Amino acid sequence: NSIVEIAKIEKVKAEFCKLPLGTKDLLPQHIKYLKSRNFDPTYLQQEWGVMGTIGIGPYANRVIIPIEYYGVLCSYQGRDITGKAELRYKACKSAEEVIDHQSIVYGMDKAKPYNKCVVVEGVFDAWRLGSGAVCCFGIQFTNKQVLCLARNFKEVYVMFDNEYDAQRQADKLIAELEIRGVKTEKIVWDSIKYKAKDPAEMKQEEADRL
């Protein structure tokens with residue numbers, strides 16, 4: 001089964017991963033937050049499995065982002081919707097993950113059939129670009145994430161934000177992939193033209209064209 005397949009390439013930490021207590025389908029407050037960021041909540045719920053939490057518990061008032069790998073729920077992230085939480089993103093506790101989320105890329109299962117993907121920084125960037133986009137949960141990436149990309153994709157396009165540090169990491173990721181024989185290319189996009197500091201802020205129709 002899928003767990004066995006995962007165990008062949010990764011150390012399995014927990015038999016299964018449970019979403020936080022109080023996780024439900026998107027509630028009005030989550031829908032309002034996602035719409036404020038120009039996302040379609042119905043699309044995110046149906047295509048990416050996005051859910052939300054109620055106002056109590058350690059993951060209160062968050063959009064819950066399931067992280068799947070080979071069809072198995074391996075981990076999750078919770079994104080604060082209030083603007084008041086100390087942590088904007090709160091990851092699943094390490095001991096409760098099936099495998100470490102930093103050893104895989106988000107969106108891999110949806111991109112794998114294409115044999116190519118575009119790597120962006122964050123989950124919201126991947127949502128904006130749609131199926132075929134993956135992320136490493138920030139500009140920092142691990143050797144295991146490099147291997148995950150190299151193992152699953154023949155072509156990888158890297159589209160990080162335009163800040164100096166992000167572009168430096170993009171170049172580093174490209175170099176690591178090229179060493180492993182992956183065809184790579186950096187996508188340079190004009191943040192001024194799109195009036196967006198990252199792909200997530202782009203208008204959907206512009207992201208679709210890109």
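**Salt bridges and the core**

Glutamate 47 has a relative accessible area of 41% and is therefore partly exposed, where buried means under 20%, exposed over 50% and partly exposed in between, with a 1.4 Å probe and protein chains only. Please note that this is a predicted model, in which local features need pLDDT of at least 70, side-chain atom pairs count only at pLDDT 80 or more, and totals for chains, interfaces and linings use all residues. Residues are numbered from 1 along each chain as its sequence is written, and side-chain values use heavy atoms, with hydrogens and water left out.

Glutamate 47 forms a salt bridge with lysine 110, their closest N and O atoms being 3.8 Å apart; the term denotes a side-chain nitrogen of Lys or Arg within 4 Å of a carboxyl oxygen of Asp or Glu. Lysine 110 lies in helix H4 and glutamate 47 in helix H3 (residues 41–48), so this pair ties together parts 63 residues apart in sequence. Helices (H or I, at least four residues) are DSSP runs, as are strands (E, at least two), numbered from the N terminus. Lysine 110 is partly exposed too, at 25%.

How many salt bridges are there by this rule? The count is eight. Another of them joins glutamate 97 to lysine 13, at 3.2 Å from N to O. Glutamate 97 is buried, at 2% relative accessibility, while lysine 13 is partly exposed at 34%.

Finally, the largest nonpolar core has 62 residues, these being buried Ala, Val, Leu, Ile, Met, Phe, Trp, Tyr and Cys residues joined through side-chain atoms within 4.5 Å. Leu34 and Trp127 are among those with the most contacts inside it.
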